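Welcome, and take a moment to turn the model around before reading on. The report below walks through it step by step.

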Amino acid sequence: MKRRDKYHPLDDAGEYLTGPALYEEARRQMGGDRLMLAFSRGKDSIATWLELRDYFEIIPYYCYMIPGGTSFERDSLDYYEQFFGTKIYRFLHPLFWRNLNSFHFQPPQRAATIIGCGVPDYDYAVLVDDLGAMLGIERPYVAFGYRADDSPRRRLLVLREGPMGSTSYRYFWPIWDWNLERVANRLKAAGVKLPIDYQVFGWTLTATDYQYAHAIRDHFPEDWERMKFWYPLIDAEMFRHEV
């Protein structure tokens with residue numbers, strides 16, 4: 001897979017960097033080894049953490065979909081903190097703030113309050129900058145567990161952006177060239193568990209629409225009540241799909 005512009009380092013064959021060569025280039029650009037990890041609790045982000053822990057000081061962070069998170073999110077985060085022996089910083093997902101500002105599943109009587117609060121569109125770049133400032137990291141650098149083999153969309157993303165890039169913060173995709181078998185073997189060798197999300201949803205929690213909401217309602221009633229507190233009209237999503 002070849003880079004389409006001159007701004008990303010390539011190997012001697014003119015291909016994207018992979019493995020230790022990619023990690024060393026990231027370390028060079030960072031000017032250190034304190035690396036943030038966008039940790040989703042998913043298989044790819046777990047594999048990324050396992051792969052990088054011998055190369056960097058990993059600073060993982062996780063984004064909750066609702067304030068305080070669900071019980072299964074908290075339980076799995078506690079497990080991964082114990083497994084890796086590292087604190088996982090926890091934030092509200094930028095999608096939560098966007099949902100509020102777009103009145104996602106909100107009753108009309110809440111609109112004036114939401115508008116009056118002037119909730120900002122708190123995006124990923126601000127989150128990374130805030131965590132960096134809190135930890136004294138001047139140029140935050142973030143690893144994501146993206147794989148080109150994961151989907152056509154991800155493959156196009158890697159082709160377009162490359163495994164290293166710059167938006168308002170620096171990022172790289174350490175396992176962009178891994179296939180699913182390699183990920184599974186890495187997790188098995190480490191003896192690490194996947195979160196219960198895979199049994200309930202098939203992958204980790206990433207939204208509040210029906211494919212997640214109905215499973216939370218059916219399997220985690222207390223979390224369902226918390227979700228309804230923040231999204232009072234979410235029952236309408238159930239009605240739309242089930243009636």
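Does Glu 237 count as buried or exposed? With a relative accessibility of 8%, Glu 237 counts as buried. Keep in mind throughout that this is a predicted model.

Glu 237 has a partner: its side chain meets that of Arg 240 in a salt bridge, at 3.3 Å from N to O. Both residues belong to helix H12 (residues 235-242), where a spacing of three residues puts about one helical turn between them. Arg 240 is exposed, its relative accessible area being 59%.

**The chain as a whole**

Stepping back, the protein chain holds 12 helices and six strands. Its C-alpha atoms fill a box of roughly 60 × 40 × 35 Å along the principal axes. For 243 residues, a compact globule would have a radius of gyration near 18 Å, and the 19 Å of the protein chain agrees with that. Of these 243 residues, 47% count as buried. The protein chain exposes about 12400 Å², and 52% of this comes from carbon and sulfur atoms. If you take the contacts between residues at least 6 apart in sequence, 68% of them join residues at least 24 apart.

In soluble globular proteins, nonpolar side chains tend to be buried together. Here, the largest nonpolar core has 73 residues, and Leu 35, Phe 56, Tyr 61 and Phe 172 are those with the most contacts inside it. Strand E2 (residues 57-64) gives the most to this core, contributing six residues.

Leaving aside neighbours within four places in sequence, Phe 56 is in contact with Tyr 23, Ala 26, Arg 27, Met 30, Asp 33, Leu 35 and Phe 172.

**Salt bridges**

One of those contacts of Phe 56, Arg 27, also forms a salt bridge with Glu 24. In total, the count comes to 16 salt bridges. Three of them are set side by side here, with the distance between the closest N and O atoms.

| Arg 27 | Glu 24 | 3.7 Å |

Arg 27 and Glu 24 both lie in helix H1 (residues 19-30), three residues apart, or about one turn of the helix. Both are partly exposed: Arg 27 has a relative accessible area of 25%, and Glu 24 one of 42%.

What does the pair of Arg 147 and Asp 44 tie together? Arg 147 lies in the loop between strand E4 (141-143) and H7, while Asp 44 is in helix H2 (residues 43-52), so the pair ties together parts that are 103 residues apart in sequence. Arg 147 is buried at a relative accessible area of 2%, and Asp 44 counts as buried too, at 8%.

These two residues also belong to a network: salt bridges with shared partners join Lys 43, Asp 44, Arg 147, Asp 149, Asp 150 and Arg 154.

After H7 comes Gly 162, which has a positive phi near 80°.

Most residues other than glycine have a negative phi. Arg 41, however, has a positive phi near 75°. Arg 41 sits in the loop between strand E1 (34-38) and H2, and is buried, with a relative accessible area of 0%.

Phe 103 is not a glycine either, and has a positive phi of about 60°. Its place is in the loop between helix H4 (94-101) and helix H5 (108-117). Phe 103 is partly exposed, with a relative accessible area of 33%.

Methods:
Residues numbered from 1 in each chain as written. Predicted model: local features only at pLDDT ≥ 70, side-chain atom pairs only at ≥ 80, totals over all residues. Heavy atoms only, no water. Helix = DSSP H or I, 4+ residues; strand = E, 2+ residues; numbered from the N terminus. Core = buried A, V, L, I, M, F, W, Y, C linked by side-chain atoms within 4.5 Å. Buried < 20%, exposed > 50% of the residue type's maximum accessible area, 1.4 Å probe, protein only. Contact = heavy atoms within 4.5 Å. Rg over C-alpha atoms; globule rule 2.2 N^0.38 Å. Areas by Shrake-Rupley, 256 points an atom, 1.4 Å probe, with all protein chains shown as cover. Salt bridge = Lys/Arg side-chain N within 4 Å of Asp/Glu carboxyl O.
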